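Welcome, and thanks for taking a look at this one. Please have the sequence and the 3D view at hand while you read the notes below.

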Amino acid sequence: MTVSGPVAGFGSVFVNGVELETPDAVLVTVDGRPADLGSLDVGMRVRVEASQGVDSPTGRAERIDAFHEIRGPVTAPVEGTLPGGTIEVLGQTVRLNDTTVFANLDGGPGTLQPGSFVEVSGLRDVDGSFRATRVCLAAENFADLPDAERELHLTGVVTDVTGNTFRLGGLTVEYTEEALGPGVAAAGGLSQGLAVEVRSAGPLTASGSLSASRVETEARGLEPGTAARLWGVVTAFTSPTDFEVQGHAGAGGADTRYLRGADVPANWAVGRLVEVEGHVDAEGVLVAREVSFELARSVKLQGEVEAGTEGGVTVLGVTVIVNRSTLLRDKRAGIPAFGPALLSPGDRVDVRAFLDGNVPVAARLEREEPREDGRVVLQGPVEIDGTVIVVLGARVDTAAFPGLEVRDADGSLFPTFEDFLAAAAEPGRLVKLRGTRIGAEIEWESAELEVEHRFANEPGVNELRFDLGDD
């Protein structure tokens with residue numbers, strides 16, 4: 001079987017909801033170079049070749065290849081308040097969302113400056129931008145890297161071929177004929193729309209272009225006769241039975257299970273995030289056994305754990321399911337094989353979850369350092385019971401907090417508290433409550449309506465908003 005997607009956790013290695021045992025002899029590479037299991041991290045995009053017994057819930061990894069879509073300097077940083085959560089690396093737009101892992105970046109992406117050398121894992125979207133699952137600060141600048149690591153790396157789609165240059169996103173690439181790999185020749189040479197990987201001994205030239213030491217086509221094939229589980233964006237769509245995921249042909253049939261809205265043709269769109277599990281036929285088509293869309297993370301919990309088990313965690317009165325697809329990370333003690341069973345009451349966590357039906361399922365769970373200011377956040381679908389705001393069963397009686405500040409989704413203040421309650425009572429509304437824990441009690445300070453979205457890749461959904469100095 002082949003499993004591709006971001007690493008969600010360790011113990012074994014968890015990718016796309018599949019638990020993969022990692023024997024000592026497993027072959028590991030990072031960007032095509034030999035590595036070991038210790039080189040892997042949560043959020044890294046990997047492709048795993050594994051064996052799996054009939055009806056077995058786990059697999060046994062035989063080869064793990066990890067990839068960085070971009071490796072190079074920041075060319076435009078996050079500045080002040082930035083709706084959309086983007087940063088530019090090697091001239092490429094990198095989109096940061098609420099499950100992006102930031103490694104070696106305690107201050108978050110707002111601390112990155114032009115020249116900061118980063119590694120970006122994730123997906124290339126249909127518009128040429130990148131959806132980051134992990135951003136790692138490798139060095140403050142190119143000169144700080146060890147000689148063996150001074151390489152720029154970028155994947156992308158070729159545009160504007162002119163003489164011995166072409167463009168990848170916002171970057172000009174200079175090349176020689178000797179730098180072109182055999183895959184480029186087999187594809188008929190460099191041409192508009194060709195997906196390539198480019199490497200350079202770097203740094204960028206004085207004019208800001210990249211001098212390529214190697215240009216090769218991206219390897220995309222799936223082995224006929226094997227099982228596969230892919231996570232990516234829909235790159236072409238005719239119907240739920242005829243589509244592409246990250247350039248791989250996919251097909252559904254009478255026995256395909258469609259989950260989380262994937263059974264409705266109107267929900268499909270090029271660029272939609274999807275997970276497809278099935279087998280690869282003789283023509284290389286992934287015949288789907290199961291197709292599932294990625295849903296918007298409408299539930300947000302920041303606060304102290306009340307209870308934790310292997311299958312879930314309770315925070316601020318809301319219990320969230322944790323499964324094999326949940327991205328698990330311990331920012332406090334750095335435990336690699338971290339999970340909810342290791343949590344103790346009082347541990348501080350940050351949880352982002354989606355609603356599968358009416359059940360919150362964690363997309364990300366991180367244990368954090370305690371906060372001296374006691375700040376807590378509770379966000380989810382809202383019901384109004386008189387003056388009580390009910391979020392997934394957690395009740396906040398606003399009558400006890402007469403100074404509660406109430407805002408609409410655009411940030412504007414409601415004229416009266418009654419106006420807020422009336423708007424919050426409309427079907428499909430979300431509310432975000434902010435407060436401060438003082439001992440065993442919480443002093444709620446503000447309530448803000450949020451716009452509800454169903455799918456994770458709708459414009460502006462689950463993207464970060466940075467305001468430097470605002471926690």
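The chain exposes about 20300 Å², and carbon and sulfur atoms supply 49% of that area. Please keep in mind that this is a predicted model. Of the 471 residues of the chain, 52% count as buried.

**Overall build**

- The chain has two helices and 36 strands.
- The radius of gyration is 23 Å, close to the 23 Å that the globule rule gives for 471 residues, so the chain is as compact as a globular protein of that length.
- Taken along the principal axes, the C-alpha atoms fill a box of roughly 75 × 55 × 45 Å.
- Among contacts in the chain with a separation of 6 or more, 64% are between residues 24 or more positions apart.

**Nonpolar cores**

- In soluble globular proteins, nonpolar side chains tend to be buried together.
- The largest nonpolar core here has 39 residues, and L365, L378, F420 and W444 are the ones that touch the most other members.
- Take F420 as a place to start: leaving aside neighbours within four places in sequence, F420 is in contact with I389, V406, R407, F414, V431, A447 and L449.
- There is also a second, separate core of 38 residues, which includes I87, L90, L145 and V173.

- How many aromatic pairs does a search of the whole structure find? The search finds eight.
- F293 lies in strand β24 (residues 286-293) and F455 in the segment after β36 (441-450), so the pair ties together parts that are 162 residues apart in sequence.

**Two strand residues to look up**

- V388 lies in strand β32 (residues 388-391) and counts as buried, at 11% relative accessibility.
- Leaving aside neighbours within four places in sequence, V388 is in contact with E383, R395, V396 and D397.
- From V388 to T398 the distance is 5.8 Å, C-alpha to C-alpha, and the two are ten residues apart in sequence.
- F354 is found in strand β29 (residues 348-356) and, at 10% relative accessibility, counts as buried.
- Which residues touch F354, leaving aside its neighbours within four places in sequence? The contacts are R260, L295, A296, R297, S298, V359, P360, V361 and A363.
- G115 makes a handy reference point for F354: the two are 239 residues apart in sequence and 36 Å apart in space, C-alpha to C-alpha.

**Backbone points worth a look**

- Most residues other than glycine have a negative phi, and most peptide bonds are trans.
- Where is a cis peptide bond found? The bond from G202 to P203 is cis, with omega near -5 degrees.
- P203 itself lies in the loop between β16 (195-200) and β17 (210-211).
- N16 is not a glycine, although its phi is positive, at about 55 degrees.
- You can find N16 in the loop between β2 (13-15) and β3 (18-21), and N16 counts as buried, at 6% relative accessibility.
- Q246 is a residue other than glycine with a positive phi, near 50 degrees.
- Q246 is found in the loop between β20 (242-245) and β21 (248-251).

How values were computed: Residues are numbered from 1 along each chain as its sequence is written. This is a predicted model: local features need pLDDT of at least 70, side-chain atom pairs count only at pLDDT 80 or more; totals for chains, interfaces and linings use all residues. Side-chain values use heavy atoms; hydrogens and water are left out. Rings of Phe, Tyr and Trp (its six-membered ring) pair if their centres lie within 6.5 Å; planes under 30 degrees apart count as stacked, over 60 as edge-to-face and the rest as tilted. Helices (H or I, at least four residues) and strands (E, at least two) are DSSP runs, numbered from the N terminus. Buried means under 20% relative accessible area, exposed over 50%, partly exposed in between (1.4 Å probe, protein chains only). Contact means heavy atoms within 4.5 Å. A nonpolar core is a set of buried Ala, Val, Leu, Ile, Met, Phe, Trp, Tyr and Cys residues joined through side-chain atoms within 4.5 Å. The radius of gyration is taken over C-alpha atoms; the globule rule is 2.2 Å times the number of residues to the power 0.38. Accessible areas come from the Shrake-Rupley method with a 1.4 Å probe; for residues, only the protein chains shown count as cover.
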